[in-house]
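Reader: Good morning. I would like to go through this structure with you, if you have a moment.
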Amino acid sequence: MVDSRIAEQLGVTQGDVVTVGDADLTVSGVILEEPGISFNPFQQMPTAYIHQESVDETGAIQLGSRVQFRAYLTGEEAAITQLKQQIELTPSDRWRDQSSGSRTNEIFDRTTQYLSLTVAIIIIMAATTLVLTCQNYVQSRDRQLRC
């Protein structure tokens, strides 16, 4: 499945074949809206879903790749809870479900982190400006006192 932006740019529809890396894959559908998200200002690159069995064929996953693996599950709550207990997650993995924070909350968290970084940079720049201004003022007064 490919994002509607990819489909539009490549001029492909369901059933067409696209080449991803070393693999020729058939477009099984067009993604109109990603599950769990309606607006993402951080999404710069369009999404393509590739079946896990086809990922190795592409040869595209290398050091530095920005690949994310997601599994969408549906079923009885008890079965999903049991599955969560059986699977050991790596530090970069996490479970996200309907009861956890929404994807929109994650976007706002990233925005807050970005703005916090921006504020920190502004404070450092202001402090540097203040120090340089004070240093210049002291030097100008020091010349006046010596004269």
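This is a predicted model: local features need pLDDT of at least 70, side-chain atom pairs count only at pLDDT 80 or more; totals for chains, interfaces and linings use all residues.

Reader: Understood. How many helices and strands are there in the chain?

Author: The chain holds 4 helices and 4 strands. Read from the N terminus, the elements follow the order β-α-β-β-β-α-α-α.

Reader: What percentage of the residues is buried?

Author: Of the 147 residues in the chain, 15% are buried.

Reader: Which residues make up the largest nonpolar core?

Author: That core has 6 residues: Val2, Ile6, Ala7, Val12, Val18 and Val27. Valine 12 is in contact with Ala7, Val18 and Val27, once residues up to four places away in sequence are set aside.

Reader: Let us move to the strands. How do strand 2 and strand 3 run, parallel or antiparallel?

Author: Strand 2, residues 17-20, and strand 3 run antiparallel and are joined by 4 bridges. Threonine 19 has aspartate 24 as its bridge partner, and valine 20 has alanine 23.

Reader: What happens at glycine 21 in the hairpin?

Author: The hairpin of strand 2 and strand 3 has 2 residues between the strands, and glycine 21 takes a positive phi near 60 degrees there.

Reader: Which residues of strand 3 are on the covered face, and which on the uncovered one?

Author: Ala23 and Leu25 form the covered face, while Asp24 and Thr26 form the uncovered one.

Reader: What is threonine 58 in contact with?

Author: Beyond its neighbours within four places in sequence, threonine 58 contacts Val20, Gly21, Asp22, Ala23, Leu25 and Ile50. Two of the residues named there, Ala23 and Leu25, are on the covered face of strand 3.

Reader: Where is serine 28 found?

Author: Serine 28 sits in the loop between strand 3 (23-26) and strand 4 (30-31). Its relative accessible area is 46%, so serine 28 is partly exposed. Apart from residues up to four places away in sequence, serine 28 touches Met1 and Gln14.

Reader: How far apart are serine 28 and isoleucine 50 in space?

Author: Their C-alpha atoms are 9.7 Å apart, and the two residues are 22 residues apart in sequence.

Reader: Turning to charges, how many salt bridges does the count come to?

Author: The count comes to 1 salt bridge. Arginine 5 forms a salt bridge with aspartate 3, and the closest N and O atoms are 3.2 Å apart. In general, side chains of opposite charge can pair when their charged atoms come close.

Reader: Are arginine 5 and aspartate 3 buried or partly exposed?

Author: Arginine 5 counts as partly exposed because its relative accessibility is 34%. Aspartate 3 is buried, with a relative accessible area of 7%.

Reader: Which residues form the nonpolar patch on the surface?

Author: Leu73, Ile87, Leu89 and Trp95 form the patch, and together they have about 320 Å² of accessible area. Leucine 73 lies in the loop between helix 2 and helix 3 (77-86). At 47% relative accessible area, leucine 73 is partly exposed.

How values were computed: Residues are numbered from 1 along each chain as its sequence is written. Side-chain values use heavy atoms; hydrogens and water are left out. Contact means heavy atoms within 4.5 Å. A nonpolar core is a set of buried Ala, Val, Leu, Ile, Met, Phe, Trp, Tyr and Cys residues joined through side-chain atoms within 4.5 Å. Buried means under 20% relative accessible area, exposed over 50%, partly exposed in between (1.4 Å probe, protein chains only). Two strands pair if DSSP finds at least two bridges between them. A salt bridge is a side-chain nitrogen of Lys or Arg within 4 Å of a carboxyl oxygen of Asp or Glu. Patches are made of residues with over 30% relative accessible area and no salt bridge: like charges are joined within 9 Å, nonpolar side chains (Val, Leu, Ile, Met, Phe, Trp, Tyr) within 5 Å. Accessible areas come from the Shrake-Rupley method with a 1.4 Å probe; for residues, only the protein chains shown count as cover.
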